[in-house]
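Thanks, everyone. I have one structure to walk through, and I'll start with a single residue before I zoom out.

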Amino acid sequence: MPQTGDTVAVAHRRRPGKDLTVKQRCVNRAHSRLRWPVERTIASVKTWRILRTARCRPTTMTSIGRAILTLETHR
């Protein structure tokens, strides 16, 4: 959940029977360019078997998660 002061960007939606303006399409395109690396990283992390089969303490999973994110960042 976002904390106070955080901003969440949401793409513009087309209303029924109307088209998006050129400006809205440009904003959506920029939004998707920022969003796709995050989506790919989340999909990649979900494939790591350790996250599906681990039976350990939450603090250990936190360390594993940090290690995975570090590996994914330096990939």
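Asparagine 28 sits in helix α1. Keep in mind that this is a predicted model. Is asparagine 28 buried or exposed? Its relative accessibility is 17%. The cut-off for buried is under 20%, so asparagine 28 counts as buried. What does asparagine 28 touch, leaving out residues up to four places away in sequence? The contacts are Ala11, His12 and Leu20.

Now the helix around that residue. Helix α1 covers residues 22-46. Confidence in the protein is highest there, at a mean pLDDT of 86. It is lowest in helix α2, residues 49-53, at 76. Across the protein, the average pLDDT is 81. At least 70 is reached by 93% of the residues.

Next, the fold. There are three helices and zero strands. Reading from the N terminus, the order is α-α-α.

On to overall shape. How does the radius of gyration sit against a compact globule of 75 residues? Such a globule would come out near 11 Å, but this protein has 18 Å. The C-alpha trace spans about 50 × 30 × 25 Å along its principal axes.

Then burial and surface. Of the 75 residues, 9% count as buried. Asparagine 28 is one that counts as buried.

Last, charges. The protein carries 17 positive and 4 negative charges. How far apart are their mean positions? The separation is 4 Å.

Technical notes:
Residues numbered from 1 in each chain as written. Predicted model: local features only at pLDDT ≥ 70, side-chain atom pairs only at ≥ 80, totals over all residues. Heavy atoms only, no water. pLDDT = per-residue confidence, 0-100. Helix = DSSP H or I, 4+ residues; strand = E, 2+ residues; numbered from the N terminus. Rg over C-alpha atoms; globule rule 2.2 N^0.38 Å. Buried < 20%, exposed > 50% of the residue type's maximum accessible area, 1.4 Å probe, protein only. Lys, Arg positive; Asp, Glu negative; His and termini not counted. Charge placed at Lys NZ, Arg CZ, Asp CG, Glu CD. Contact = heavy atoms within 4.5 Å.
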